[in-house]
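Biologist: Could you take me through this protein chain, beginning with the overall picture and then turning to particular side chains?

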Amino acid sequence: MSDILELFLGLILGAIAMYWVFSFFRKKRSKELTEHQSAILLDKIKSVCKLITVEGDFAEIYRYENTKERFLSLVSSKKKALIIINAKAHIGFDLKKLQMYADNDKKRIILTNFPQPEILSISPELQFYDIQNGLFNTFTPTDLTSLNMEAKQHIRDKIPQSGLMDTANKEALEAVLLIEKIVETIGWKLDYSALEMNNRKKQIMEK
C-alpha cells in the first residue's frame with residue numbers, strides 16, 4: 001500500500017514539476033517574443049526616418065554680381081546675371097530624433113518627446129537672364145555649382161518668414177497619429193500623454 005502511495009505522490013510531484021518547467025519556459029518565451037516585438041516596432045517607426053508634412057513653392061528673383069580686380073586693383077571686371085529661382089521646400093520631422101521607449105509588460109510605446117519641424121530638402125531650378133560677362137571675368141561651370149548653393153541658402157533664409165514652420169508645427173499631431181497607426185499594427189498602444197503635458201506646460205509659460 002505504501003508503495004502505491006509513494007508512486008502516486010511521485011506522479012503528482014512529477015506533474016507539478018513538469019507544469020512548473022513548462023510555465024517557466026512559456027513565460028520566458030513570451031517575454032522574449034514581446035521584447036523582440038518592441039525592438040522591431042521601435043526600429044520600424046524610426047525607419048520612416050524623415051516625414052514630410054508641408055511643401056512650399058518659391059519663386060524668387062536673384063541678382064548676381066561678381067567683380068574681379070587685376071593689375072594692383074587698377075582694372076576691374078564684372079560679371080552679372082538675373083536669375084529666376086523656382087524652388088520646392090519640404091518641411092517635416094526627422095523621426096530618428098524621437099524619444100521613446102517600450103513598456104513590454106503593458107505592450108505600450110511611450111513617446112516622451114517629439115522633434116521640432118525642420119527643413120528636409122530644398123530643390124531649386126535656376127533660369128538665367130541678362131547674362132553679362134566681364135572682359136576677364138566670365139561664367140564657368142564652377143559658378144553654376146556655387147550659384148545653386150547660393151540659391152538654396154536664399155530660399156532657406158526666406159522660409160522662416162513664409163509661415164511653413166508654423167504650418168508644420170500644426171501637422172505634428174497628424175505625425176503622432178501616423179505613429180499610433182504603426183504601433184497598432186501589432187496590437188500595441190501608443191502613449192503620448194507626456195507630449196500633452198509638455199504642451200500644456202509650454203502654453204502656461206507662454207502666457
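Modeller: What follows covers the fold, one lysine and some salt bridges. Please keep in mind that this is a predicted model.

Biologist: How many helices and strands does the protein chain have?

Modeller: The protein chain has five helices and six strands. Along the sequence they come in the pattern α-β-β-β-β-β-α-α-α-β-α.

Biologist: What share of the residues counts as buried?

Modeller: Among the 207 residues of the protein chain, 29% are buried. The chain exposes about 14,500 Å², and carbon and sulfur atoms supply 56% of that area.

Biologist: And what share of the contacts comes from residues 24 or more positions apart?

Modeller: Such residues account for 76% of the contacts with a separation of 6 or more.

Biologist: Let us change topic to Lys 79. Where does Lys 79 lie, and is Lys 79 buried or exposed?

Modeller: Lys 79 is part of strand β2, which covers residues 75-94. Lys 79 counts as buried because its relative accessibility is 3%, and buried means under 20%.

Biologist: Which residues does Lys 79 touch?

Modeller: Leaving out residues up to four places away in sequence, Lys 79 touches several residues, including Tyr 64, Asn 133, Phe 139 and Asp 143. With Asp 143 there is a polar contact between the side chains, at 2.6 Å.

Biologist: Now to salt bridges. How many does the structure hold?

Modeller: The structure holds eight salt bridges. One of them pairs the side chains of Glu 55 and Lys 88, with an N to O distance of 3.5 Å. Glu 55 belongs to strand β1 (residues 50-70) and Lys 88 to strand β2, so this pair ties together parts that are 33 residues apart in sequence.

Biologist: Why can such side chains pair at all?

Modeller: Side chains of opposite charge can pair when their charged atoms come close.

Biologist: Which residue forms a salt bridge with Glu 60?

Modeller: Lys 158 does, and the closest N and O atoms are 4.0 Å apart. This pair links distant parts of the chain, as Lys 158 is in helix α2 (residues 141-162) and Glu 60 is in strand β1, 98 residues apart. Lys 158 is partly exposed, at 30% relative accessibility.

Biologist: What about Asp 103 and Arg 108: how far apart are their closest N and O atoms?

Modeller: These atoms are 3.2 Å apart, and the two residues form a salt bridge. Asp 103 is buried, with a relative accessible area of 18%, whereas Arg 108 is partly exposed at 23%. Elsewhere, salt bridges that share partners join Glu 55, Asp 57 and Lys 88 into one network.

Methods: Residues numbered from 1 in each chain as written. Predicted model: local features only at pLDDT ≥ 70, side-chain atom pairs only at ≥ 80, totals over all residues. Heavy atoms only, no water. Helix = DSSP H or I, 4+ residues; strand = E, 2+ residues; numbered from the N terminus. Buried < 20%, exposed > 50% of the residue type's maximum accessible area, 1.4 Å probe, protein only. Contact = heavy atoms within 4.5 Å. Areas by Shrake-Rupley, 256 points an atom, 1.4 Å probe, with all protein chains shown as cover. Polar contact = N/O pair within 3.5 Å; in protein donor to acceptor, adjacent residues only side chain to side chain.
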